[in-house]
Amino acid sequence: MALKMVKGSIDRMFDKNLQDLVRGIRNHKEDEAKYISHCIDEIKQELKQDNIAVKANAVCKLTYLQMLGYDISWAAFNIIEVMSASKFTFKRIGYLAASQCFHEGTDVIMLTTNQIRKDLSSPNQYDTGVALTGLSCFVTPDLARDLANDIMTLMSHTKPYIRKKAVLIMYKVFLKYPESLRPAFPRLKEKLEDPDPGVQSAAVNVICELARRNPKNYLSLAPLFFKLMTSSTNNWVLIKIIKLFGALTPLEPRLGKKLIEPLTNLIHSTSAMSLLYECVNTVIAVLISLSSGMPNHSASIQLCVQKLRILIEDSDQNLKYLGLLAMSKILKTHPKSVQSHKDLILQCLDDKDESIRLRALDLLYGMVSKKNLMEIVKKLMIHVDKAEGTTYRDELLTKIIDICSQSNYQYITNFEWYISILVELTRLEGTRHGHLIAAQMLDVAIRVKAIRKFAVSQMAMLLDNAHLIASNTQRNGICEVLYAAAWICGEFSEHLEESNQTLEAMLRPKVTTLPGHIQAVYVQNMVKLYASILQQKEQVGEKEAAQEITQLMIDRLPQFVQSADLEVQER
Amino acid sequence: MQFMLLFSRQGKLRLQKWYVPLSDKEKKKITRELVQTVLARKPKMCSFLEWRDLKIVYKRYASLYFCCAIEDQDNELITLEIIHRYVELLDKYFGSVCELDIIFNFEKAYFILDEFLLGGEVQETSKKNVLKAIEQADLLQEVGIEISTVFQKICSNS
């Protein structure tokens with residue numbers, strides 16, 4: 001007997017513990033996979049042993065390997081064995097492994113129910129604590145149903161450590177098994193007045209999260225929270241309460257009115273940025289829901305905008321970002337208050353940080369007016385030139401077009417200017433939004449009769465320069481623009497000055513390298529153009545010129561017949 | 001909070017705590033994508049970004065990135081505070097913590113996190129209380145180990 005134990009402990013002396021495993025992996029950088037599979041074999045052997053210490057060690061190593069990306073679900077049963085160890089050290093390791101890899105699909109998870117129940121009623125508070133913590137990560141609807149009662153009892157445990165954990169885990173239980181909420185609710189309410197501040201804030205946390213999902217039921221608690229808000233000095237708790245109120249105010253406007261004053265006080269008095277941010281956000285939310293135009297709230301809006309301006313001006317990138325984010329919320333309901341800060345926003349466009357620039361762009365979208373549109377777009381165009389990286393550029397492009405085409409081009413006074421902007425945009429390389437530009441051009445040309453002449457001349461220029469654009473067939477985006485150009489020229493050919501030239505441009509051999517549908521449009525419009533030229537020439541009586549053109553067409557058309565595209569051939 | 005990830009500058013995962021139930025495959029996919037996105041950020045950029053339908057708050061401490069995913073209505077600044085508080089706790093516990101400490105004692109890092117956050121919510125706002133709970137649990141472990149070694153010695157002698 002003794003020999004067996006001695007032999008056992010000698011064997012075990014050579015077991016790797018966690019530190020050895022980590023060191024080993026770090027030393028085997030080249031053949032890591034092989035080394036690890038070797039270790040996994042060792043672990044499998046260790047798990048077959050009876051000794052719980054050995055098993056726990058193995059499970060600990062497995063947890064580490066799981067973090068590196070190896071699947072350890074085959075060891076689920078062994079993990080449960082370790083969880084049932086009586087020693088705290090091993091139990092802890094078992095629960096940790098479980099919380100990392102157990103989930104609803106784990107078939108042995110039902111075996112844990114009894115073990116957890118035992119641990120929950122253990123005299124040792126740390127056993128209970130570890131069980132609660134672990135459970136919160138892998139609770140399933142079945143587990144929740146079975147253990148809800150035990151956890152509810154724990155909410156009234158003598159030790160605040162346990163009460164706190166029990167309250168927090170009830171949230172997870174509610175999520176999985178909603179029927180447990182009704183019986184547990186009175187106890188939860190009690191905890192709001194628990195003498196221990198930790199338990200109290202846990203209760204606030206849970207109720208806050210619950211209220212966000214279902215605000216109606218928690219409206220009755222508002223007065224209680226009001227009292228808590230005015231008496232608490234703990235910033236974490238305050239933030240939660242304020243968030244809770246933010247969720248409740250849409251339902252109860254009177255609550256919102258009552259809140260404005262204490263919130264404004266907090267905004268004035270606090271030095272904590274996070275609290276300030278939360279207050280400002282909530283005030284905005286309240287005022288949005290109260291936007292039935294109460295005049296005396298403009299002072300609060302002004303205050304918020306002021307504070308946000310301070311945030312945006314701060315050199316800390318994070319604050320800038322959040323300031324801009326909150327400003328965009330205000331913009332939706334109180335655009336005038338934000339107008340005065342246009343200069344600041346434009347400044348933000350120059351920021352090195354892309355996220356900030358995108359936020360500033362969003363804001364600008366809401367801030368344009370007839371007067372400043374051109375100025376803003378001019379600035380944006382400068383950015384487009386400077387912008388590195390195509391996603392940002394694309395974003396800018398879409399935004400420019402969005403801004404300009406807002407509410408049926410409400411803000412554009414000079415459409416010719418807009419067309420020239422569009423043409424400039426086509427010179428950009430590698431953008432995916434060619435079709436957007438094309439659509440815009442078509443739209444404007446069709447709708448705004450007055451500028452058709454100008455549009456047509458610009459399009460003719462484009463077609464002439466088509467070889468520049470079509471040089472790289474991958475840039476399909478821009479080619480879409482040629483589509484629009486050809487269409488416009490064909491449709492409004494009466495405005496064309498140099499129809500011959502344009503026709504020639506369209507007939508150039510290079511055109512066959514363009515995508516099929518573009519060629520189709522080309523051909524269609526060429527015919528239109530041809531017809532109108534013929535008409536013109538006949539009126540003037542230049543028979544020769546007419547014949548020349550016809551010859552040209554006959555020469556060049558065959559190359560289209562050879563095109564692979566059916567549409568083109570058909571035409 | 002939905003999850004917290006710690007990873008090095010080379011993209012190696014040092015700690016992962018998930019507060020929402022997800023399959024292993026999904027976790028791996030999310031981790032890979034997120035690590036790539038965060039590592040691509042330049043140093044002066046702000047700590048918040050939008051990813052899928054979540055907000056990501058991250059901060060770099062020495063060679064480790066601490067990255068948390070929060071929901072739309074959560075407060076970003078308080079999440080930064082949470083990250084900072086966790087780093088302070090690790091620092092206090094390990095005494096001037098560095099990445100190696102977390103690598104070799106990863107289970108302790110998890111235990112500390114478990115005393116600070118539960119189910120994605122802040123459990124204990126007092127640093128002192130969190131550290132006290134860890135210390136006491138550690139003592140419990142020590143006592144346990146001592147007894148077991150004594151017991152083993154007795155058995156092997158008999």
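**Reading the two chains**

Modeller: Of the 571 residues in chain A, 54% count as buried. Please keep in mind that this is a predicted model.

Biologist: How many helices and strands are there in chain A?

Modeller: Chain A has 32 helices and 0 strands. Among its contacts with a separation of 6 or more, 67% join residues 24 or more positions apart.

Biologist: How many helices and strands does chain B have, and in what order do the elements run?

Modeller: Chain B contains 5 helices and 7 strands. Starting at the N terminus, the order is β-β-α-β-β-β-α-α-α-β-β-α. Of the 158 residues in chain B, 57% are buried. For contacts in chain B with a separation of 6 or more, 48% are between residues 24 or more positions apart.

Biologist: Which residues of α17(A) are buried?

Modeller: The general idea comes first. An α-helix has 3.6 residues a turn, so residues three or four places apart point the same way. In α17(A), the buried residues are Ser300(A), Ile301(A), Leu303(A), Cys304(A), Val305(A), Leu308(A), Leu311(A) and Ile312(A).

Biologist: How should I read a pair of helices?

Modeller: Two packed helices are described by the angle between their axes and the distance between the axes. Consider helix α8 (residues 125-138) and helix α10 (residues 160-176) of chain A, which pack at an angle of about 15° with their axes 10 Å apart. That angle makes α8(A) roughly parallel to α10(A), and their crossing is left-handed.

Biologist: Which residues make this contact between α8(A) and α10(A)?

Modeller: From α8(A) come Gln125(A), Tyr126(A), Thr128(A), Gly129(A), Leu132(A), Thr133(A), Leu135(A) and Ser136(A), while α10(A) contributes Tyr161(A), Ile162(A), Lys165(A), Ala166(A), Ile169(A) and Lys172(A). Sorted by class, the contact has 7 nonpolar, 5 polar and 2 charged residues.

Biologist: Is Gln125(A), one of these residues, buried or exposed?

Modeller: Gln125(A) has a relative accessible area of 15%, and it is therefore buried, the cut-off being under 20%. Gln125(A) lies in helix α8 of chain A. Leaving aside residues up to four places away in sequence, Gln125(A) touches Lys159(A), Tyr161(A), Ile162(A) and, in the other chain, Gln136(B).

Biologist: At what angle does α10(A) pack with helix α11 of chain A?

Modeller: Helix α11(A), residues 181-191, packs with α10(A) at about 145°, and the axes are 11 Å apart. The crossing is left-handed. Arg163(A), Val167(A), Met170(A) and Phe174(A) of α10(A) meet Leu181(A), Ala184(A), Leu188(A) and Lys191(A) of α11(A). By class, these residues divide into 6 nonpolar, no polar and 2 charged.

Biologist: How are α4(A) and α5(A) oriented to each other, and what is the angle?

Modeller: The axes of helix α4 (residues 52-68) and helix α5 (residues 76-83) of chain A come within 9 Å and cross at roughly 125°. The two helices are therefore oblique to each other, and the crossing is left-handed. Ile52(A), Lys55(A), Ala56(A) and Val59(A) of α4(A) meet Asn78(A), Ile79(A), Glu81(A) and Val82(A) of α5(A). This contact has 5 nonpolar, 1 polar and 2 charged residues.

Biologist: What should I note about the backbone of Arg52(B) and Ser96(B)?

Modeller: Arg52(B) has a positive phi of about 50° although it is not a glycine, and it sits in the loop between β3 and β4 of chain B. Ser96(B) is likewise not a glycine and has a positive phi of about 60°. The loop between α2 and α3 of chain B holds Ser96(B), which is exposed, with a relative accessible area of 60%.

Biologist: Where is Glu88(B)?

Modeller: Glu88(B) is in helix α2 (residues 76-94) of chain B. With a relative accessible area of 27%, Glu88(B) is partly exposed. Glu88(B) and Leu39(B) are 49 residues apart along the chain, and their C-alpha atoms are separated by 23 Å.

Key:
Residues numbered from 1 in each chain as written. Chains lettered and ligands numbered in written order. Predicted model: local features only at pLDDT ≥ 70, side-chain atom pairs only at ≥ 80, totals over all residues. Heavy atoms only, no water. Buried < 20%, exposed > 50% of the residue type's maximum accessible area, 1.4 Å probe, protein only. Helix = DSSP H or I, 4+ residues; strand = E, 2+ residues; numbered from the N terminus. Axes fitted to C-alpha atoms, helices over the stretch in contact; angles between N-to-C directions. Parallel < 35°, antiparallel > 145°, perpendicular 65-115°, else oblique. Left-handed = near helix turned anticlockwise from the far one by under 90°. Contact = heavy atoms within 4.5 Å. Nonpolar A, V, L, I, M, F, W, Y, C, P; charged D, E, K, R; others polar.
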